[in-house]
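Thank you all for coming. Please have a look at the chain on the screen, and then I will walk you through a few of its features.

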Amino acid sequence: MTMRSLGLSIYPDHTNFEDNTKYLELGHKYGFTRIFMSMLEVQGSPEETQAKYKKIIDYGNKLGYQTFLDVSPQLFKKLEIDYSDLKFFADIGAAGIRLDEAFDGATEAMISYNPYGLIIELNMSNNVDYLNNILSYQANQPFIYGCHNFYPQRGTALPYDFFLDCSKRFKNFGIHSAAFVSSQVGKVGPWNVEDGLPTLEEDRDLPIEVQAMHLFASNMIDDVIIGNAYASEAELKALSEVNRYQLKLHVNYVSDINEIEKTIVEKPQHFRRGDLTKAVIRSTMPRVTYKDIPNPIHDNEVEFQRGDVIIGNDNFGHYKNELQIVLEPHKEPCMNKVGSISSDELFLLDFIKPWSKFKLTSK
């Protein structure tokens, strides 16, 4: 299985070395391991560019980062680099280059055999048979990655269904993949538009950790990268706490929740029963594990709403201490409401399928 990681973005042509090193150190503190670095805006000579980029990439390498450089045909021309020799990028310490624009398939396949072991990362945000064409030229597949675009202009990022269609083309071949989330405080990107830098339009204004949860829950993305700089330390910390391999949703507890209910919410490895119902997500093992522990009825006979977390009380017999998450409003006096899924995360309930594993924790 491909391990999933977190990444930062650095823009050396819009920032200074000192600010970037502080950012990389902060990211290292929270377990970030890859860097997206745009070269699309370089202004200096090949020698000046090489010195500037090598300095910050070397610093990142010492901290354990892998750096991927975003490049274009215009950049190759400007820096007088030939596709048949990628030595320039190897010399500055990059792990790979991301091709922002497509070539003819044969070119991508050929450069995937570069002698420096550079990874060739492809643009994933086009629903065309691009990848299959490259692989048909017998590309060096372990050195082929994919990475979606980000979108500075509000309203221009990908809709989720299109994102899925594009991503499946790479997922079907087991290609390592990446996509972007957006800091709510970062102002630096490749261009002078500051509406964030997400891959998905519906993620643009969400808390950064919820954006990451969305991408990981799609099961299409291995690496989540913050598109804009500089994210706050609080955002980096929140991202570092995201479970990359199963949904971990946050619950706002009611005031009269009791200890057994807190235990049932937070301790078990929850999974949705395979014989699903539309009304609720059922996690049934707690009723077995905790069958002998009393759970008094609450004084809150209310209509449960989508996202409410409810647990069977002492009046529910065989179903006492079963945990459910409400999908459709209904009443059930034998269930206690113990909390509600955080409002920003409600849409993620759609990703809990039959047999899906999930965790719950207090907000």
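Predicted model: local features only at pLDDT ≥ 70, side-chain atom pairs only at ≥ 80, totals over all residues.

**Two packed helices**

Let me start with helix H8 (residues 208-217) and helix H9 (residues 233-240), which pack at an angle of about 30°, their axes lying 8 Å apart. Axes here are lines fitted to C-alpha atoms, for helices over the stretch in contact, and angles run from 0 to 180 degrees between N-to-C directions. Helices and strands are DSSP runs numbered from the N terminus, with helices (H or I) having at least four residues and strands (E) at least two. H8 and H9 are therefore roughly parallel to each other, a term used for angles under 35 degrees. The crossing of H8 past H9 is right-handed, where right-handed means that the near helix is turned clockwise from the far one by less than a right angle.

Which residues make the contact? On H8 they are Ile208, Glu209 and Ala212, and on H9 they are Glu235, Ala238 and Leu239, with contact meaning heavy atoms within 4.5 Å. Four of the residues in this contact are nonpolar, none is polar and two are charged; here Ala, Val, Leu, Ile, Met, Phe, Trp, Tyr, Cys and Pro count as nonpolar, Asp, Glu, Lys and Arg as charged, and the others, Gly among them, as polar.

Residues are numbered from 1 along each chain as its sequence is written, and side-chain values use heavy atoms, with hydrogens and water left out.

**The chain and its core**

The chain has 11 helices and 15 strands, and of its 363 residues 54% count as buried, that is, under 20% relative accessible area, whereas exposed means over 50% and partly exposed lies in between (1.4 Å probe, protein chains only). In soluble globular proteins, nonpolar side chains tend to be buried together. The largest nonpolar core has 100 residues, and those with the most contacts inside it are Met39, Leu69, Phe89 and Ile226; such a core is a set of buried Ala, Val, Leu, Ile, Met, Phe, Trp, Tyr and Cys residues joined through side-chain atoms within 4.5 Å. H8 gives the most to this core, with six residues. Leaving aside residues up to four places away in sequence, Phe89 touches Met39, Leu69, Val71, Phe76, Ile81, Ala94, Ile97 and Leu118.

**Some loop residues**

Leu348 lies in the loop between strand E14 (335-341) and strand E15 (357-362), and Leu348 is buried, with a relative accessible area of 0%.

Tyr230, in the loop between strand E8 (223-226) and H9, is joined to Ala229 by a cis peptide bond with omega of about -5°.

Gln138 or Asn321: which is buried and which is exposed? Gln138, which has a positive phi of about 60° without being a glycine, is exposed, with a relative accessible area of 58%. Asn321, with a positive phi of about 70° and likewise not a glycine, is buried, with a relative accessible area of 0%.

Key:
Parallel < 35°, antiparallel > 145°, perpendicular 65-115°, else oblique.
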